[in-house]
Number of protein chains: 2
Amino acid sequence: MNISEKQLPTPVLQRLTQYIDLVHMLKSNGEKWISSKTIAQSLGLTSSTVRQDLSHIALSGSVSKHGYKLGDLQHALTTSLGADVIRHAVVIGAGNLGKALALHEEFPRRGFIICGIFDSDPKKAGKKAGALTIKPMSTLKAFIHQKPVDIGIIAVPSHAAQSVADMLILNGVPGLLNLAPGHIVVPKGICVVNSRIVTSLRELSHRITLTKRNMK
Amino acid sequence: MNISEKQLPTPVLQRLTQYIDLVHMLKSNGEKWISSKTIAQSLGLTSSTVRQDLSHIALSGSVSKHGYKLGDLQHALTTSLGADVIRHAVVIGAGNLGKALALHEEFPRRGFIICGIFDSDPKKAGKKAGALTIKPMSTLKAFIHQKPVDIGIIAVPSHAAQSVADMLILNGVPGLLNLAPGHIVVPKGICVVNSRIVTSLRELSHRITLTKRNMK
């Protein structure tokens, strides 16, 4: 059974996507093998967590004393998670963060093509963001119907996030990456992942407080 | 016992930080009360998860039929998680993402002051990123010793991430937010949180695949 056919707990899914990146990096460094211990040490996990996570993916080829063959592991992770699919995304909001995303060189290398960037401010329309031209929101609907847009990246202020999400969903975009401070509500069948740097900063801040107290 | 004195599982901590943002938003919208059901619906969780998470924080005042008083909940979350502490951060890497972070208006409002931005490219030194001037890496050490830097935000390419982390740690920065594709290894007592938009995109991509299959 393919991993894509069953629901995985979010933490497992997040770790598996981290394994892809690690394997990708080690492979481009010329490494051939990886052990669950190396994965664990690199990512601050236990070896048993890594082995348990990897039991979810269809990994052909036995585990040798060197660990897993990098190529096999990469293939198994990529196909199992559907990371071999090219996804087309639009960015809504051409502020600093939105433009940085449109310009980010890593995304196309990882299979995410940013095919459009939109902003509600008429003064921004027509300006460049890398190779893309910022388009007015009034053209979003027609754009989505012409291009196979899988993902809407919401990089607008909090108060506009829900209406942007509604517009994307109404026009058939199945997945939303919400970078906005506001929380968005979506109907069943629509996928949302929240990715907020300020939430990560809060988590880090709490860990620093905790570590300092434990060291006293 | 304060939450800051015990180790919480990462998912609980991440959800509690999400609750802070939600409470903050509802309060600025003029709301007075919130129920665990509302929190659950807003964030796509179950009410019992929310109640269990909130049992970790010192919440004075009883739960009424309206739910929790927003002000009480905000206070309890903020003090328990140490989110009332002001943190000073430096951004390393003045590429598109690094500059966007330095310019991001949300951070100071949430208690995170970006006090410096550094880049190894001598051509970038002296240029502006909002109110900040991009500084050369050679001045990082002296800067950290002059200012109370709690957090280093690593926004450099993969191959440079580890050496930047080492430099920050060597100069006494206790927390790192790693936005770089590479994984970094740190000694015990140093806190690292990885926040990578491409990992969120992968998670979203997998969820889209899964949803499409289930709808067939």
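So, B:Arg51: what does it touch once residues up to four places away in sequence are not counted? It touches B:Ser36 and B:Tyr68, where contact means heavy atoms within 4.5 Å. B:Arg51 is found in helix α3 of chain B. Helices here are DSSP runs of H or I with at least four residues, strands are runs of E with at least two, and both are numbered from the N terminus. With a relative accessible area of 46%, B:Arg51 is partly exposed. For those labels, buried means under 20% relative accessible area, exposed means over 50%, and partly exposed is in between, with a 1.4 Å probe and protein chains only. The C-alpha atoms of B:Arg51 and B:Ser35 are separated by 9.5 Å, and those two residues are 16 residues apart along the chain.

Quick housekeeping. This is a predicted model, where local features need pLDDT of at least 70 and side-chain atom pairs count only at pLDDT 80 or more, while totals for chains, interfaces and linings use all residues. Residues are numbered from 1 along each chain as its sequence is written, chains are lettered from A and ligands numbered from 1 in the order in which they are written, and side-chain values use heavy atoms, with hydrogens and water left out.

Staying with α3(B): which of its residues are buried? They are B:Ser47, B:Val50, B:Asp53 and B:Leu54. They cover an arc of only 125° around the axis, so they sit on the same side of α3(B). That arc is taken from the directions from the helix axis to the C-beta atoms. As for what covers them, the list includes α1, α2, β2 and α4 of chain B.

Now α2 in chain B, residues 36-43. The buried ones there are B:Ser36, B:Ile39, B:Ala40, B:Ser42 and B:Leu43. Looking down the axis of α2(B), you find them within an arc of 165°, so they line one face of the helix. Turned away from that buried side is a face with the exposed residues B:Lys37 and B:Gln41. Covering the buried residues of α2(B) are elements including α1 (10-28), β1 (33-34), α3 (47-54), β2 (68-69) and α4 (70-81) of chain B. And just after α2(B), have a look at B:Gly44, which takes a positive phi of about 70°.

One more stop in chain B: B:Ile86, in the loop between α4 and β3 (87-92). Is B:Ile86 buried or partly exposed? At 49% relative accessibility, B:Ile86 counts as partly exposed. Leaving aside neighbours within four places in sequence, B:Ile86 is in contact with B:Gly111, B:Ile113 and B:Asp150. B:Ile86 and B:Val149 are 63 residues apart along the chain, and their C-alpha atoms are separated by 11 Å.

Over to chain A. Its secondary structure comes to nine helices and nine strands. The C-alpha atoms of chain A fill a box of roughly 60 × 50 × 35 Å along the principal axes, and buried residues make up 53% of its 216 residues. Of the contacts in chain A with a separation of 6 or more, 57% come from residues 24 or more positions apart.

Next, helix packing, with α1(A) as the example. Two packed helices are described by the angle between their axes and the distance between the axes. The axes of α1 (residues 10-28) of chain A and α9 (residues 197-215) of chain B come within 9 Å and cross at roughly 120°. That makes α1(A) oblique to α9(B). The axes are lines fitted to C-alpha atoms, for helices over the stretch in contact, and angles run from 0 to 180 degrees between N-to-C directions. Under 35 degrees counts as roughly parallel, over 145 as roughly antiparallel, 65 to 115 as roughly perpendicular, and the rest as oblique. Among the residues that meet there are A:Leu13 and A:Ile20 in α1(A), and B:Val198 and B:Arg202 in α9(B).

Last, the core. Which residues have the most contacts inside the largest nonpolar core? A:Ile153 and B:Ile153, in a core of 50 residues. A nonpolar core is a set of buried Ala, Val, Leu, Ile, Met, Phe, Trp, Tyr and Cys residues joined through side-chain atoms within 4.5 Å. Not counting residues up to four places away in sequence, A:Ile153 touches residues including A:Val91, A:Leu101, A:Leu177 and, from chain B, B:Leu201.
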